[in-house]
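This report covers selected local features of one protein chain. The sequence and the structure come first, and the notes follow by topic.

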Amino acid sequence: MSRRGPSRNSWLQRVWPPLVAVLFFLALWQAAATFLNIEAWLLPSPIRIISEGTAQSALLAGHTWATVKLMLGGFAIGSTIGLLIAIVLHMIPFFKTSLYPLLILSQNIPIIALGPLLMIWFGFGLLPKLMVITLVCFFPVAVAAMDGFMQTDRTMMNYMRMSGAGRLRIFARLELPHALPSVFSGIKIAATYSVMGAIIAEWIGADKGIGYYMLLQKAAYRTDLVFAAIGIIVMLSLLMFLIIILLEKWLVRWQPQKK
């Protein structure tokens with residue numbers, strides 16, 4: 001009991017300030033929309049957004065599920081590729097010297113500009129959409145993993161070398177476990193980016209999904225439903241982030257608990 005109490009109190013201390021700030025912002029928004037008589041097509045009130053979103057809950061659920069499937073597929077592929085790239089570049093220094101600058105350069109191309117090219121080259125099916133999400137997800141995982149590999153305890157590494165451990169054994173037993181917190185930091189970023197990547201992919205070319213739904217409602221000047229879609233996007237991003245945090249706590253149990 002003595003351990004649970006402080007932990008619960010610490011959790012509440014972290015949660016309630018942003019929660020109060022969000023509630024205050026929504027109340028201010030509602031008051032402004034009501035008392036300033038702002039047109040609903042320009043800035044709908046939170047109550048109207050919730051009401052109209054609830055009325056279209058079945059339709060929104062179908063589009064949300066389409067986005068979730070696309071997002072999870074791209075996130076899994078992008079994170080896996082990012083981790084594999086980090087491992088290869090770390091294990092082969094020549095590749096890191098020659099390819100790492102190209103890795104950085106790849107992030108200077110706006111994905112919204114590259115997306116139409118992928119549609120032209122690969123059509124309007126699933127592949128170009130997965131490629132868009134992969135491109136936004138692999139980079140933070142790759143960079144975070146490489147940073148984690150470089151921060152391995154040198155004393156332990158020298159000890160394993162003196163004991164006769166080979167390169168692969170050192171990597172598997174020391175460098176990879178030591179880098180897991182950094183890897184998960186990159187995965188957290190990739191998880192939130194995956195939602196953004198899925199929406200961009202649907203904007204470029206799709207017939208279902210939250211991004212596609214937003215384009216339809218924008219064309220109809222249904223600002224309330226656009227905001228409802230934005231709310232779903234925010235919740236998906238937070239849910240993905242929370243899932244990765246829980247997975248990290250489960251896998252990286254040796255980490256000291258943060259107070």
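## Salt bridges

Counting a side-chain nitrogen of Lys or Arg within 4 Å of a carboxyl oxygen of Asp or Glu, the count comes to four salt bridges. The model is a predicted one. One of the pairs joins the side chains of D224 and R48, at 3.2 Å from N to O. This pair links distant parts of the chain, since D224 belongs to helix α10 and R48 to helix α2, 176 residues apart. D224 counts as buried because its relative accessible area is 2%, under the 20% limit. R48, in contrast, is partly exposed, because its relative accessible area of 35% falls between 20% and 50%.

D224 also forms a salt bridge with R222, where the closest N and O atoms are 3.1 Å apart. R222 is partly exposed, with a relative accessible area of 25%. A network of salt bridges links R48, E52, R222 and D224.

A further salt bridge is formed by K188 and E248, with 2.9 Å between the closest N and O atoms. K188 lies in helix α8 and E248 in helix α10, so the pair ties together parts of the chain that are 60 residues apart in sequence. Both K188 and E248 are buried.

## Helix α8

Helix α8 covers residues 167–204. A straight helix of 38 residues would span 56 Å at 1.5 Å a residue, but α8 spans only 45 Å between its end C-alpha atoms. Where does α8 bend? The bend is at L180 and amounts to about 50°. A proline, P181, follows within four residues.

F184 is also placed in helix α8. With a relative accessible area of 4%, F184 is buried, because the limit for that class is 20%. Neighbours within four places in sequence left aside, F184 is in contact with I244, L247, E248, L251 and V252. Among these contacts, E248 is the residue that forms a salt bridge with K188. Between F184 and I104 the C-alpha to C-alpha distance is 20 Å, and the two are 80 residues apart in sequence.

## Helix α10

Helix α10 runs over residues 223–251. L242 is found in this helix. Is L242 buried or partly exposed? At 44% relative accessibility, L242 counts as partly exposed. L242 and L103 are separated by 139 residues in sequence and by 28 Å in space, C-alpha to C-alpha.

## Nonpolar surface patch

Which residues form the nonpolar patch on the surface? The patch is made of V88, I92, F94, F95, L99, L102 and L105, and together these have about 640 Å² of accessible area. Helix α4, residues 93–106, gives the most to the patch, with five residues.

I92 sits in the loop between α3, which covers residues 57–91, and α4. Its relative accessibility is 34%, so I92 counts as partly exposed.

## Loop between α1 and α2

Helix α1 covers residues 4–35 and α2 covers residues 46–55, and S45 lies in the loop between them. S45 has 14% relative accessibility and therefore counts as buried. Apart from neighbours within four places in sequence, S45 is in contact with W29, Q30 and A33.

N37 lies in the loop between α1 and α2 as well.

## Positive phi angles

Most residues other than glycine have a negative phi. N37 has a phi near 55°, which is positive, and N37 is not a glycine.

Y221 has a positive phi too, of about 55°, although Y221 is not a glycine. Y221 lies in the loop between α9, residues 210–219, and α10. Y221 is exposed, because its relative accessible area of 61% is over the 50% limit.

Methods
Residues numbered from 1 in each chain as written. Predicted model: local features only at pLDDT ≥ 70, side-chain atom pairs only at ≥ 80, totals over all residues. Heavy atoms only, no water. Helix = DSSP H or I, 4+ residues; strand = E, 2+ residues; numbered from the N terminus. Expected span 1.5 Å × (residues − 1). Bend = angle between axes of the 7 residues up to and from the residue. Patch = residues over 30% accessible without salt bridge, like charges linked within 9 Å, V, L, I, M, F, W, Y side chains within 5 Å. Areas by Shrake-Rupley, 256 points an atom, 1.4 Å probe, with all protein chains shown as cover. Buried < 20%, exposed > 50% of the residue type's maximum accessible area, 1.4 Å probe, protein only. Contact = heavy atoms within 4.5 Å.
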